[in-house]
Amino acid sequence: MGRLVRVCSAEELRERERVVVDVDNESVLVLFVGGRVYALSNICTHEYAEMVNGLVVDDTITCPVHLSRFRLDDGEVLYPPAEKPLKTYKVVEKGGEVFIEL
Ligand code: FES
């Protein structure tokens with residue numbers, strides 16, 4: 001198992017639905033969607049855009065700038081112009097807290 005980094009409490013994530021944390025100089029977006037928790041890079045792989053401002057529909061997120069669409073599960077590109085997937089992180093919930101694993 002890798003290093004666990006605390007994001008917030010599980011209750012806070014369920015209320016806010018989107019939480020951004022900076023970990024090792026990377027901005028990570030943690031989302032509570034449809035009863036599941038996802039963690040991905042907060043920065044689009046196309047140009048500079050913060051995915052926290054993107055549109056979430058089902059299990060996808062769309063970049064707010066040029067509308068690339070990514071799958072929340074594995075960060076895969078579903079719609080261009082982005083070509084590279086978003087980095088994803090494993091999420092661990094324990095003791096009422098949410099962590100990402102590095
Ligand atoms: S910055 Fe996200 S698609 Fe261009």
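**Strand pairings**

Modeller: Phenylalanine 32 stands opposite valine 37 in strand 4. This is a predicted model, in which local features need pLDDT of at least 70, side-chain atom pairs count only at pLDDT 80 or more, and totals for chains, interfaces and linings use all residues. Residues are numbered from 1 along each chain as its sequence is written.

Biologist: How many bridges join strand 3 to strand 4?

Modeller: Strands are DSSP runs (E, at least two residues), numbered from the N terminus, and two of them pair if DSSP finds at least two bridges between them. Strand 4 covers residues 36–41 and runs antiparallel to strand 3. The number of bridges joining them is six.

Biologist: Which residue in the turn between strand 3 and strand 4 has a positive phi?

Modeller: These strands form a hairpin with two residues between them. The phi in question is about 55°, and the residue is glycine 34.

Biologist: Which residue takes a positive phi in the hairpin of strand 2 and strand 3?

Modeller: Strand 2 (residues 18–23) pairs with strand 3 (residues 26–33) in the antiparallel sense over six bridges, and valine 19 stands opposite valine 30. Two residues lie between the strands, and the one with a phi near 50° is aspartate 24.

Biologist: In what order do the four strands of the open sheet lie?

Modeller: The pairing in this sheet is antiparallel. Its edge strands, each pairing on one side only, are strand 5 (55–57) and strand 8 (77–79). The order is 5-6-7-8.
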